[in-house]
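Here is a short tour of one protein model, written for someone who likes to check contacts and angles on screen. Please keep the viewer open while you read.

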Amino acid sequence: MMSTPRGRNLQTLFKRMPAFAASAIPAVRIRGISMDSRTVRPGWLFAAIKGESANGYDYIPQALANGAAAVMGTLPAPEGLNAPYLQIAGDIHAAVAYLAAALHDFPARKLRMIGVTGTDGKTTTTSMIYHILRSAGIRVGMISTVSAQIGERVLDTGFHVTTPESPDIQGYLAEMVRAGLTHCVLETTSHGLVQGRVTACDFDAAVITNVTHEHLDYHGSYENYLRAKGLLFESLSYTPRKRIGNLRAAVLNKDDQSYGYLKRVSPVRQVSYSMLNEASLWADEIDNQAAQLAFTCHFGEDKALRVRTPMTGIYNVSNSLAALGLCVNLLGVPAETAVQALASLPGVPGRMERIDLGQPFSAIVDFAHTPNALSRALETARGLTRGRLIAVFGSAGLRDREKRKLMPTVSIRQADLSFLTAEDPRTESLDAILQDMADAAREAGGREGENFWRVPDRGDAIRLALQAAQPGDLVIVCGKGHEQSMCFEKTEYAWDDRQAVRAALAELLGTPGPQMPWLPTSKEKPGA
């Protein structure tokens with residue numbers, strides 16, 4: 001996270017926070033806070049947190065060696081600790097978030113905070129809202145899966161990060177305030193909500209895309225997953241009073257199974273959107289083409305405008321409606337301005353991103369990594385080709401195991417050819433993951449060696465899929481999108497699907513191109 005120039009007294013900071021201290025608060029000045037000993041800088045506080053795979057108390061010596069001015073944790077002070085120590089009662093993640101916010105003088109209270117959550121479409125909807133508000137002349141920042149955008153600055157938010165840790169978020173928000181921004185759009189995951197990463201973000205408005213099958217390994221059930229999403233909407237009622245006023249409003253998807261629950265837990269002020277039902281705004285006359293999506297948006301009974309956007313796919317009608325509902329119905333952006341902005345929307349990295357080196361078939365990279373997202377991506381891709389549809393995808397290790405059955409089933413039913421491959425196996429056996437996927441593919445009617453293949457190395461899977469493509473076909477590589485690494489065991493290896501597709505196409509066409517990224521599954525030696 002970003003540090004404060006001179007530091008602030010820890011005792012003073014805790015006076016501005018809810019009660020967390022279970023011991024005397026040391027009279028020490030801190031300049032920053034981190035939960036990772038490797039990123040601690042001189043004058044920072046280190047929060048020692050005992051997690052699922054690592055115990056922060058084991059890393060206190062490293063944090064002190066890096067210059068930590070104090071240590072905070074939920075346990076009594078370790079024996080022999082030669083540094084100021086503060087014991088925390090209750091949720092230490094919330095304590096870290098509030099401390100980071102206090103350190104930066106609670107920047108979210110000076111911004112109109114918009115949270116966007118859902119299973120699929122979060123990044124696209126966040127980007128749509130950001131682009132509409134900027135087009136309307138509103139000084140807005142954005143924190144998404146892809147990046148943090150603060151004025152003209154674009155900051156990478158990490159390899160596999162969806163919602164950054166709370167000290168980073170508060171640092172970004174503080175930069176937005178210093179840059180004179182007035183609004184922030186923050187992509188918010190269920191993990192970020194449950195783990196307190198967005199605590200003290202003081203949201204004014206919450207937007208839902210959908211809540212489908214995902215992260216059940218972590219949440220345990222769909223009901224728990226939905227309740228986790230609902231935390232964003234419940235938090236609207238607790239946002240402190242702001243000088244700019246309080247919005248306390250929700251944008252809900254009336255077509256999604258989450259609607260009934262989120263309607264109950266949201267504040268009274270609500271905007272609903274739909275492609276099927278009566279709602280605050282709705283769409284009809286949908287025309288999904290290869291280069292453009294068009295539909296008519298009804299802003300109530302008396303106003304309808306034709307919307308055109310380069311973000312193709314029927315699901316982007318819902319994403320567009322969510323963005324329009326927030327910007328037009330709640331923030332007062334003129335409907336004409338918002339619709340015009342969607343027409344000039346820049347592409348979102350790794351979302352239905354075309355890769356073209358002059359090959360006689362289409363190649364697309366997409367982030368779809370859930371059963372619902374894969375189905376939507378394949379449905380969209382099917383409408384973009386008159387030839388065969390060829391899919392490349394995997395299923396991550398240490399994640400929801402049910403996806404390993406659902407995703408191959410989707411692909412066997414919707415694609416002509418399927419290549420099952422690696423996607424962040426982590427510490428699980430890749431062969432075992434692929435076996436689960438292959439079993440599901442066969443149960444869905446797939447025939448291994450005829451319409452689906454197991455290819456452990458992702459680079460080879462992409463090569464084989466492109467080699468199988470005939471003129472007029474479409475190859476879609478799903479699961480990684482914009483991400484820049486892949487995890488094997490506990491190591492992140494540099495990986496970009498877009499680079500891999502370009503490398504494989506260059507090999508196929510015999511033209512210059514980038515080198516195929518190397519993974520531990522590759523038969524080639526690194527740098528060969």
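## A salt bridge and its network

In this predicted model, E428 and R401 meet through their side chains in a salt bridge, with 3.3 Å from N to O. E428 sits in the loop between β21 (417–420) and α14, while R401 sits in the loop between β20 (389–393) and α13 (403–414), so the pair ties together parts that are 27 residues apart in sequence. The pair also belongs to a network: salt bridges with shared partners join R401, R404, E428 and D436.

## Other charged pairs

The count of salt bridges comes to 28. One of them links E353 and R498, whose closest N and O atoms are 3.4 Å apart. This pair connects distant parts of the chain, since E353 belongs to strand β18 (residues 353–354) and R498 to helix α16 (residues 497–509), 145 residues apart. Is R498 buried or exposed? With a relative accessibility of 12%, R498 counts as buried, because buried means under 20%.

Another salt bridge joins D105 to K110, and here the closest N and O atoms are 2.9 Å apart. D105 is partly exposed, at a relative accessible area of 27%. K110 is partly exposed too, with 38%.

## The sheet of four strands

Now to the strands. Four of them form an open sheet in the order β3-β4-β5-β6, and the pairing is parallel. The edges are taken by β3 (32–34) and β6 (85–87); each has a single partner strand, so one side of each is left without a neighbour in the sheet. On average, neighbouring strands here are turned by 20° against each other, direction ignored.

Helix α3 (residues 92–103) lies across β3, β4 (44–47) and β5, and runs at about 155° to β3.

## The sheet of 11 strands

A further open sheet is built from 11 strands, ordered β10-β9-β8-β11-β7-β12-β13-β14-β15-β16-β17, and its pairing is mixed. At its edges are β10 (153–156) and β17 (304–309), each of which pairs on one side only. Neighbouring strands of this sheet are turned by 20° against each other on average, direction ignored.

Inside this order, strand β8 (residues 140–143) pairs with strand β11 (residues 183–187) in the parallel sense, over four bridges. M142 has V185 in β11 as its bridge partner. Helix α4 (residues 122–135) lies across β7 (112–117), β8, β9 (147–150), β11 and β12 (205–208), at about 170° to β8. Helix α8 (residues 222–235) packs on the sheet as well, touching β7, β12 and β13 (249–253), and its direction makes about 165° with that of β7.

## Nonpolar cores

How many residues does the largest nonpolar core have? It has 55 residues, and those with the most contacts inside it are F393, I462, L466, V475, I476 and V501. Helix α14 (residues 430–443) supplies the largest share of this core, six residues.

L466 is a handy place to start exploring. Leaving aside residues up to four places away in sequence, L466 touches F361, A363, V475, V501, A504, L505 and L508. A second, separate core has 43 residues, among them V207, Y273, M311 and A341.

Note on methods
Residues numbered from 1 in each chain as written. Predicted model: local features only at pLDDT ≥ 70, side-chain atom pairs only at ≥ 80, totals over all residues. Heavy atoms only, no water. Core = buried A, V, L, I, M, F, W, Y, C linked by side-chain atoms within 4.5 Å. Buried < 20%, exposed > 50% of the residue type's maximum accessible area, 1.4 Å probe, protein only. Helix = DSSP H or I, 4+ residues; strand = E, 2+ residues; numbered from the N terminus. Contact = heavy atoms within 4.5 Å. Pairing = 2+ DSSP bridges. Axes fitted to C-alpha atoms, helices over the stretch in contact; angles between N-to-C directions. Salt bridge = Lys/Arg side-chain N within 4 Å of Asp/Glu carboxyl O.
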